[in-house]
Number of protein chains: 2
Amino acid sequence: MSDSVVLDPVDLEILRLLQNDARTTYRDLATAVGIAPSTCLDRVGRLRRSGVILGHELRLDPARLGRSLEALLSVQVRPHRRELIGPFVERVRALPESRALFHLTGPDDYLVHVAVTGTADLQRLVLDEFTSRREVARVETRLIFQQWVCGPLLPPT
Amino acid sequence: MSDSVVLDPVDLEILRLLQNDARTTYRDLATAVGIAPSTCLDRVGRLRRSGVILGHELRLDPARLGRSLEALLSVQVRPHRRELIGPFVERVRALPESRALFHLTGPDDYLVHVAVTGTADLQRLVLDEFTSRREVARVETRLIFQQWVCGPLLPPT
DNA sequence: TGTGAAAATTTCAAATG
DNA sequence: CATTTGAAATTTTCACA
């Protein structure tokens with residue numbers, strides 16, 4: 001289920017191109033990698049079915065949607081048992097402010113990436129959705145000054 | 001440049017649908033929100049030009065690409081001056097292992113999300129690309145057990 | 001994997017309210 | 001002036017070589 005997949009140079013080149021713009025047409029893709037459009041269709045379909053391609057996503061600007069403040073919350077959940085962390089994860093995932101959630105090693109069990117309208121909204125979020133919870137032992141808030149999405153996630157050619 | 005944009009309910013519904021699948025056709029989008037496909041084209045174009053839509057991205061599974069270990073590195077850059085942090089940011093962004101980079105408030109200046117092939121690769125990355133640097137005062141590594149991408153980033157309806 | 005043709009979609013100019 | 005119509009251009013998709 002989580003096995004690495006065999007990818008030939010053509011597959012890699014296709015992924016590289018699609019990472020720059022997921023809307024690149026099969027026709028353009030085909031001419032770029034030197035195969036027929038139908039073969040491209042085939043390959044991309046295979047990459048999707050094999051799980052290498054998880055999905056086509058729209059990247060939105062939170063600031064333009066009124067969420068101009070982003071932050072990372074480090075959260076300790078105690079006791080750290082399945083009965084408690086399952087519901088905790090689900091609640092956090094369901095929050096409209098949540099962008100991403102990580103379960104980590106180390107003293108802080110979870111890291112939550114949130115986007116809010118401002119500091120008041122952030123305070124409300126921390127107090128009402130985190131520290132007020134019995135299982136949340138500690139929350140540490142760090143604001144995000146700036147963030148960068150890094151280049152194509154691809155194995156070296 | 002970073003102003004919030006006026007979005008009517010139709011725009012929001014379009015964004016909501018495209019967040020679930022960025023490849024939804026204008027035709028399907030149109031029937032779903034109750035307008036003509038050409039108007040959809042127009043609206044999506046406007047959303048792109050206004051900066052709400054930053055791009056169409058492919059989401060890949062790092063594990064299937066041979067990067068089955070992910071981690072977060074907290075990094076202190078000292079002294080924290082522009083002459084040093086500029087090049088630091090650029091170097092980190094250029095690493096093939098980097099997935100995302102955050103500049104944060106708090107004692108740890110940067111958080112780097114990396115995807116590597118295994119612990120040996122992670123050790124090499126930390127030692128050769130971070131702690132060996134004069135400006136890097138401290139690196140704290142936390143492994144990612146599990147991560148979740150959270151639901152559509154959208155203002156409440 | 002490629003070819004070629006059919007189906008579907010995108011795109012645009014002109015028309016509409 | 002945003003929206004729709006309708007038709008042309010392009011792209012996707014599929015059967016078959």
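How many bridges join strand E1 (residues 53-60) of chain A to E1(B), and do the two run parallel or antiparallel? In this predicted model, 7 bridges join them and the strands run antiparallel, where strands (E, at least two residues) are DSSP runs numbered from the N terminus, as are helices (H or I, at least four residues), and two strands pair if DSSP finds at least two bridges between them. Within this pairing, A:Gly55 has B:Arg59 as its bridge partner in E1(B).

The wider contact (heavy atoms within 4.5 Å) takes 61 residues from chain B and 62 residues from chain A. The count of salt bridges between the two chains is 2, a salt bridge being a side-chain nitrogen of Lys or Arg within 4 Å of a carboxyl oxygen of Asp or Glu; B:Glu57 forms one with A:Arg59, with the closest N and O atoms 3.0 Å apart.

DNA strand D is surrounded by residues of both chains, among them A:Tyr26, A:Arg27, B:Ala36 and B:Arg43, a residue being near the strand if one of its heavy atoms lies within 4 Å of it. Of the atoms of DNA strand D that come within 4 Å of the protein, 71% belong to sugar and phosphate. H3(B) gives the most to this surface, with 3 residues. A polar side-chain atom of B:Arg43 lies 2.5 Å from a phosphate oxygen of DNA strand D.

Local features need pLDDT of at least 70 and side-chain atom pairs count only at pLDDT 80 or more, whereas totals for chains, interfaces and linings use all residues. Residues are numbered from 1 along each chain as its sequence is written, chains are lettered from A and ligands numbered from 1 in the order in which they are written, and side-chain values use heavy atoms, with hydrogens and water left out.

Technical notes: Polar contact = N/O pair within 3.5 Å; in protein donor to acceptor, adjacent residues only side chain to side chain.
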